[in-house]
Amino acid sequence: MRPFTKKVVEIIVDIPEGKVMTYGQIAAIAGSPRGARQVVRILHTLSEKYQLPWQRVLNSKGCIGLPGEHGQLQRRMLEKEGIIFAENGFVNLIEYGYEPLHLLDEENR
């Protein structure tokens, strides 16, 4: 597994129940600030194998990026964790966002 992929998996596994992170936030902490799409691919390919809490990862606006049934499932899973969605479908990233400060390397502090 490549170092970036390994770091992304570690970050996602660490997101606690009832909290969310964005693809871009994860990419930046993992060392690739422009790697949000890579995070999407990692989630798509490794979620089942590593039991990743994929539902806790949202787009930069705090919205679910998955269409249709997958997006509805993600919303239900997050609501079961206590996350409340605004009428417009957004999650308040200030209230529910997770900042894993212990995972930031010296360069990002």
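Where does Lys19 sit, in a helix or in a loop? Lys19 is in the loop that runs between α1 (3–14) and β1 (21–22), and it gets its own view below. Keep in mind that this is a predicted model: local features need pLDDT of at least 70, side-chain atom pairs count only at pLDDT 80 or more, and totals for chains, interfaces and linings use all residues. Residues are numbered from 1 along each chain as its sequence is written, and side-chain values use heavy atoms, with hydrogens and water left out.

**View A. Lys19, in the loop between α1 and β1.** Helices (H or I, at least four residues) and strands (E, at least two) are DSSP runs, numbered from the N terminus. Lys19 has 27% relative accessibility, so it counts as partly exposed; buried is under 20% relative accessible area, exposed is over 50%, and partly exposed is in between (1.4 Å probe, protein chains only). Skip the neighbours within four places in sequence, and Lys19 is in contact with Arg56, Ile83, Glu95, Tyr96, Gly97 and Tyr98, where contact means heavy atoms within 4.5 Å. Take Gly97 from that list: 78 residues separate Lys19 and Gly97 in sequence, yet their C-alpha atoms are 5.5 Å apart in space.

**View B. Where α1 meets α3.** The axes of α1 and helix α3 (residues 36–46) come within 10 Å, crossing at roughly 75°. That angle makes α1 roughly perpendicular to α3. Axes here are lines fitted to C-alpha atoms, for helices over the stretch in contact, with angles from 0 to 180 degrees between N-to-C directions. Under 35 degrees counts as roughly parallel, over 145 as roughly antiparallel, 65 to 115 as roughly perpendicular, and the rest as oblique. On the α1 side the contact is made by Phe4, Thr5, Val8, Val9 and Ile12, and on the α3 side by Gln38, Val39, Ile42, Leu43 and Leu46. Sort these residues by type and you get eight nonpolar, two polar and no charged. For that sorting, Ala, Val, Leu, Ile, Met, Phe, Trp, Tyr, Cys and Pro count as nonpolar, Asp, Glu, Lys and Arg as charged, and the others, Gly among them, as polar.

**View C. Thr5, a residue of helix α1.** With a relative accessible area of 17%, Thr5 is buried. Not counting residues up to four places away in sequence, Thr5 touches Ile42 and Leu46.

**View D. The largest pocket, at about 380 Å³.** What lines it? There are 13 lining residues, and Leu43, His44, Ser47, Trp54 and Leu66 lie nearest the centre of the pocket. Helices α3 and α4 (68–80) are the elements that give two or more residues to the lining. By type, the lining divides into seven nonpolar, five polar and one charged. On a 1 Å grid over the protein atoms alone, a pocket is an open set of points where a 1.4 Å probe fits, with protein on both sides within 12 Å along at least five of seven lines, and lining residues have an atom within 4 Å of a point. Grid points are joined across faces, edges and corners, and the volume is the space filled by probe spheres set on the points.

**View E. Gln51, in the loop between α3 and β2 (57–58).** Gln51 is exposed, at 69% relative accessible area. Its phi is near 55°, a positive value in a residue other than glycine. For context, most residues other than glycine have a negative phi.

**View F. Thr45 in helix α3 and Glu79 in helix α4.** Thr45 is exposed, with a relative accessible area of 55%, whereas Glu79 is partly exposed at 38%.
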